[in-house]
Amino acid sequence: MSICILAIESSCDDTSASICVEGKIVSNITASQAVHAAYGGVFPEYASRAHMQHILPVVDQCIKAANIQKEDITAVAFTRGPGLIGSLHVGLSFAKAFALPHRLPLIEVNHMQAHIMAHFIDEPIPNFPFLCLTVSGGHTQMVLVKDYLSFELLGETKDDAAGEAYDKIAKIFELPYPGGPLIDKHAQQGNAEAFQFPFPATEGYNFSFSGLKTNVLYFIQKEVAKNPSFIQEHLTDLCASIQFRINSILISKLCRAAKELHIKDIAIAGGVSANSGLRQLLKEAGEKHQYKTYVPAFQYCTDNAGMIAIAAYHKYLKKEFTSQEIEPIARWSVDAI
Ligand code: KG4
Ligand code: ZN
């Protein structure tokens, strides 16, 4: 019997299901939640309710798209954390309920480990040990990946995550939530050297973005006081300049870690790794310093169950199963075993 895993991701505001057969992702279906745009950020209680509405149709569609029967499934995986506790409960409860009558093993997955494991979905895959900069809406982490399920956290943000910085600065630019992808879109028409935003100094492999955000806020307030149309008139240049600044902070630290630790394979993962400027900067850094660089396919950058499924597949091979008594964990380190 082949290993066929149904994986569920529900840690934040995307409800996603995936089927993985013998380590290959055969379907990956995600429903996003439009309800949060009106609040300028994720509204946790609405996220849980939307997960409850989406989970059955998403799983149904996912099984159909994989062209399998429910009976073919040999294990059920779910995101145990980190994430919003109510959202996690929905996916975890669904996984338990699906596994129990079918007597299937359950596999718990750490969401931040899964973002990194997205690199094992498609070729080319990085060689161990490699460095992965995981940049999402909730986390910014520099991780040394020693083996499939062996991670060492080298550094992280001391305040806002990179995606959070993108979204909060987009809000200052009067763009709707989530603003990261919109900054990316406008930046493509702008001049990245038009505005010089500061480069924060942080120790070791840590990051800090809240000072940069405040700097942008004060700059915009000052300019808008002189010219109320300042943002509209300079939107593309503002987006290009801030995107370049955030990305250069990220890539310069990644390269510094690679140099100091003598690592030749470097990767990015998480929602912000979908950013076209970040992907380009990583590629250029790789060419300049002879690093092999890796980025997941777009559909596996932002939250998705494909990455949960591939992480679960490697746990299945090691027989790392969990019990029906399991509870979600809102805060759970990437290097937890
Ligand atoms: O990994 P993810 O989907 O969810 C979390 O685990 O947090 O990341 C979401 C974050 C959001 O902050 C979103 O604005 C950002 O990723 N993001 C982007 C882009 N696409 C998504 N930021 C910049 N450019 C993009 N193209
Ligand atoms: Zn994520």
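In which loop does Pro124 lie? In this predicted model, Pro124 is placed in the loop between helix 3 and strand 6 (130-135). Pro82 belongs to the loop between strand 4 (75-81) and helix 2 (85-102). Asn67 is part of the loop between helix 1 (44-66) and strand 4.

Domain 1 (4-116 + 300-317) and domain 2 (125-295) both contribute residues to the shell around ligand 1, so the ligand lies between them. The shell numbers 18 residues, of which Gly137, Asp167, Asp184, Asn275 and Asp303 come nearest. By residue class, the shell consists of four nonpolar, 11 polar and three charged residues. Helix 3 (111-117), helix 4 (162-172) and helix 5 (180-187) each provide at least two of the shell residues.

A polar side-chain atom of Asp167 is placed 2.6 Å from an oxygen atom of the ligand. From the backbone, an N or O atom of Asp303 lies 2.9 Å from an oxygen atom of ligand 1, and a backbone N or O atom of Gly271 lies 3.0 Å from an oxygen atom of ligand 1. Taken alone, ligand 1 exposes 560 Å², and the protein buries 89% of that area.

Asp303 also takes part in the metal site. The zinc ion (ligand 2) is coordinated by His111 through NE2, His115 through NE2 and Asp303 through OD, at 2.0 to 2.1 Å. The angles among the four donor atoms of the zinc ion range from 95 to 141 degrees, and the site is irregular. This assignment follows because four donors count as tetrahedral only if all angles lie between 85 and 135 degrees. In sequence, the donor residues of the zinc ion follow the spacing H-x3-H-x187-D. His115 lies in helix 3, whereas Asp303 is in the loop between strand 10 (292-294) and helix 9 (305-317), so the pair ties together parts that are 188 residues apart in sequence.

Conventions. Residues are numbered from 1 along each chain as its sequence is written. Chains are lettered from A and ligands numbered from 1 in the order in which they are written. This is a predicted model: local features need pLDDT of at least 70, side-chain atom pairs count only at pLDDT 80 or more; totals for chains, interfaces and linings use all residues. Side-chain values use heavy atoms; hydrogens and water are left out. A residue is near a molecule or strand if one of its heavy atoms lies within 4 Å of it. A polar contact is a pair of N or O atoms within 3.5 Å; within protein, one must be able to donate a hydrogen and the other to accept it, and residues adjacent in sequence count only if both atoms are side-chain atoms. Accessible areas come from the Shrake-Rupley method with a 1.4 Å probe; for residues, only the protein chains shown count as cover. Helices (H or I, at least four residues) and strands (E, at least two) are DSSP runs, numbered from the N terminus. Ala, Val, Leu, Ile, Met, Phe, Trp, Tyr, Cys and Pro count as nonpolar, Asp, Glu, Lys and Arg as charged, and the others, Gly among them, as polar. Domain bounds come from an automatic or database domain assignment. Donors are N, O and S atoms within 2.8 Å of the metal (3.2 Å for Na, K and Ca); water is not among the atoms, so sites may look incomplete. Four donors count as tetrahedral if all angles lie between 85 and 135 degrees; four count as square planar and six as octahedral if opposite donors are over 155 degrees apart and all others between 65 and 115; anything else is irregular.
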